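Here's a quick walk through one model, starting with its charged pairs and ending with its packing. Have the coordinates open as you read.

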Amino acid sequence: NLLNFLGMLVLARILVPEDFGLVALGTTILVIVTAVTDIPVAEALVQHKEPKTDHFHAAWTLGFLRAALVALLCALIAHPLARFYGDARLANVVLALGVYAFLAGLNNPRAIMLTKELIFWQQFMLQVTQKLVGLVVTIVLAVTYQSYWALILGTVAGQLANTLISYTVLPFRPHFRLKHSKELLSFSI
């Protein structure tokens with residue numbers, strides 16, 4: 001939270017309020033789309049007594065499919081929303097945030113085991129790394145280009161870093177499998 005606060009102080013000096021408003025509008029749209037498609041598979045893994053490798057493959061597959069759906073929905077609604085709000089820039093913002101959502105769906109499902117096993121230092125490391133990468137990319141781009149794209153690309157870079165580091169900290173090679181998906185979905189629903 002401190003990194004976010006410091007970042008916003010710096011960015012408020014570089015970017016104009018219109019930039020924040022445009023990105024906030026795109027982010028709100030993404031939040032609505034992700035809320036409608038939410039499948040709390042992670043919670044199902046936390047409550048499971050002994051999840052096996054196939055549970056993690058199923059969780060990854062479901063996350064991937066959901067992320068692809070969110071990205072597709074963003075692609076489908078981007079241009080109509082831009083026309084509705086009368087701002088052509090919004091289409092590209094929503095498309096870019098769809099990429100962010102897709103990357104988030106590729107996260108390592110084994111990372112939820114850090115919560116289950118109460119290993120907070122690795123969770124902290126993942127979250128701080130994501131925030132730090134996102135903040136550095138955002139500030140560098142904001143200083144260089146003074147554009148709202150700094151906010152979006154910083155967010156995407158942070159998510160990409162989080163996804164990559166999660167597989168480094170908790171090695172896992174995901175496979176597209178749906179075995180145990182019914183079990184995970186029944187808990188989630």
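Arginine 177 and aspartate 54 meet through their side chains in a salt bridge, 3.2 Å from N to O; the term takes a side-chain nitrogen of Lys or Arg within 4 Å of a carboxyl oxygen of Asp or Glu. Arginine 177 sits in the loop between H8 and helix H9 (181-188) and aspartate 54 in helix H4, so the pair ties together parts that are 123 residues apart in sequence. Helices here are DSSP runs (H or I, at least four residues), numbered from the N terminus. At 36% relative accessibility, arginine 177 is partly exposed; buried means under 20% relative accessible area, exposed over 50%, and partly exposed in between (1.4 Å probe, protein chains only).

A word on ground rules: this is a predicted model, where local features need pLDDT of at least 70, side-chain atom pairs count only at pLDDT 80 or more, and totals for chains, interfaces and linings use all residues. Residues are numbered from 1 along each chain as its sequence is written, and side-chain values use heavy atoms, with hydrogens and water left out.

The whole structure has four salt bridges, including these:

| Pair | N to O distance |
|---|---|
| Arginine 177 and aspartate 54 | 3.2 Å |
| Glutamate 18 and arginine 89 | 3.1 Å |
| Arginine 89 and aspartate 87 | 2.8 Å |

Glu18, Asp87 and Arg89 form a salt-bridge network. Glutamate 18 in helix H2 and arginine 89 in helix H5 are 71 residues apart. Arginine 89 is partly exposed, at 27% relative accessible area.

Now for the packing. Helix H5 (residues 89-105) and helix H8 (residues 149-169) have axes that come within 9 Å and cross at roughly 10°; axes are lines fitted to C-alpha atoms over the stretch in contact, with angles from 0 to 180 degrees between N-to-C directions. H5 and H8 are therefore roughly parallel, a label for angles under 35 degrees.

What about the core? The largest nonpolar core has 25 residues, of which Leu30, Val70, Leu90, Val93, Val94, Tyr148 and Ile152 touch the most other members. Such a core is a set of buried Ala, Val, Leu, Ile, Met, Phe, Trp, Tyr and Cys residues joined through side-chain atoms within 4.5 Å. H5 gives the largest share of this core, seven residues. Valine 94 touches Gly26, Ile29, Cys74 and Ala78, leaving aside residues up to four places away in sequence.

Technical notes
Helix = DSSP H or I, 4+ residues; strand = E, 2+ residues; numbered from the N terminus. Parallel < 35°, antiparallel > 145°, perpendicular 65-115°, else oblique. Contact = heavy atoms within 4.5 Å.
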